[in-house]
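Student: I would like to take a close look at a single part of this structure, the place where the ligands are held. Could you please describe it carefully?

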Amino acid sequence: MQSIPHVDMRRYHDNFDAFTQDVGQGYEKYGFIALTQHGVDTALIERALDTCRELFALPDEVKKQYHRPGEGGARGYTPFGTEIAKDAEHVDLKEFWHVGREVEGTPAYPQLLPNVWPAELPKFKDDMLAIYEALDKLGNQVLDALAVYLGQPKDFFRDKVNNGNSILRPLHYPPIIDEDTPSVRAGAHEDINVLTLLVGSREPGLEVLAKDGSWVPVTIIEGAIICNVGDMLQRLTNHVLPSTTHRVVNPPAPYNEKSRYSIPFFLHFNPDVMITPLESCITAENPQRDEPITADDYLMQRLREIGLIKD
Ligand SMILES: O=C(O)CCC(=O)C(=O)O
Ligand SMILES: [Fe+2]
């Protein structure tokens, strides 16, 4: 594995069948693809990244006012040193802000909590909601292709994610002050959700675990959006599509003195969707791996494991 396959998003419109194969085969092999020609405005992405720099540059006392510990980090700010990768010994070297689906009126599900916005940076709301919407739309198009690849109707996922508790997570990895730290920027983990779309980082560090056990740096052409399979899609497809382990390593000097910023979008199922392995993915060679579970129960179980919910 050299790096992850690139898929041209224009084929969604021009040659959907070919697009379906590109996406499905890329995921079956690697669990990760990079989307090019995706139609998400570069200026929008750049603006969002610049706004994130301004957000995380706010004083710690200001940011901490927006921390909601009782909500499992579901909305607002989560300070440096909170999240820990499943089964890891040391916390990650990152701080982040969670933006959820913006709902007018009564939400379809109680999990769709109101967003938390920083009064000190009014443009944050508009910039984050614009990128949230663009990535949600793009993710739905990738799911259209996956549905067909998996032998389902093209719109199979649409009504299963339309009110999902999908989360945009602007992330900041500060400069590494203690070079001997046992922590890494993001410890090896799999994403919990259905699909992750990742915009950003201008700085290196993201690596994926190849099937031969080696760590492969993710190198993509500029402007491409990384899109990977999460655990919920792995469960639904009876592990035919793998949720690939990845991490963000601490860079060597002098890059360790620089911050790193990225913005993943975690696309989720609606909370009451039952994640039952698809019949088309169960065979004699690949018998059913997991029991059915609702998206919300599964999420709660996993948030406990990564330290965002304490009980
Ligand atoms: O910052 C990155 O490039 C990846 C972040 C990530 O994997 C995550 O937050 O789940
Ligand atoms: Fe991740």
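Tutor: In this predicted model, the protein donors of the iron ion (ligand 2) are His 189 (NE2), Asp 191 (OD) and His 246 (NE2), which lie 2.1 to 2.2 Å from it. Donors are N, O and S atoms within 2.8 Å of the metal (3.2 Å for Na, K and Ca), and sites may look incomplete because water is not among the atoms. In sequence, the donor residues follow the spacing H-x1-D-x54-H. Asp 191 belongs to the loop between β7 (186-189) and β8 (195-199), whereas His 246 lies in strand β12, so the pair ties together parts that are 55 residues apart in sequence. Strands are DSSP runs (E, at least two residues), numbered from the N terminus. Asp 191 and His 246 are both buried, meaning under 20% relative accessible area (1.4 Å probe, protein chains only).

His 246 also faces ligand 1: an N or O atom of its side chain is 3.1 Å from an oxygen atom of that ligand. Polar side-chain atoms of Arg 169 and Arg 260 lie 3.3 Å and 2.9 Å, respectively, from an oxygen atom of ligand 1. Taken alone, ligand 1 exposes 300 Å², of which the protein buries 96%; such areas come from the Shrake-Rupley method with a 1.4 Å probe. In the shell around ligand 1, β13 supplies the largest share, four residues.

Residues are numbered from 1 along each chain as its sequence is written, and chains are lettered from A and ligands numbered from 1 in the order in which they are written. Local features need pLDDT of at least 70, side-chain atom pairs count only at pLDDT 80 or more, totals for chains, interfaces and linings use all residues, and side-chain values use heavy atoms, with hydrogens and water left out.

How values were computed: A polar contact is a pair of N or O atoms within 3.5 Å; within protein, one must be able to donate a hydrogen and the other to accept it, and residues adjacent in sequence count only if both atoms are side-chain atoms. Buried means under 20% relative accessible area, exposed over 50%, partly exposed in between (1.4 Å probe, protein chains only).
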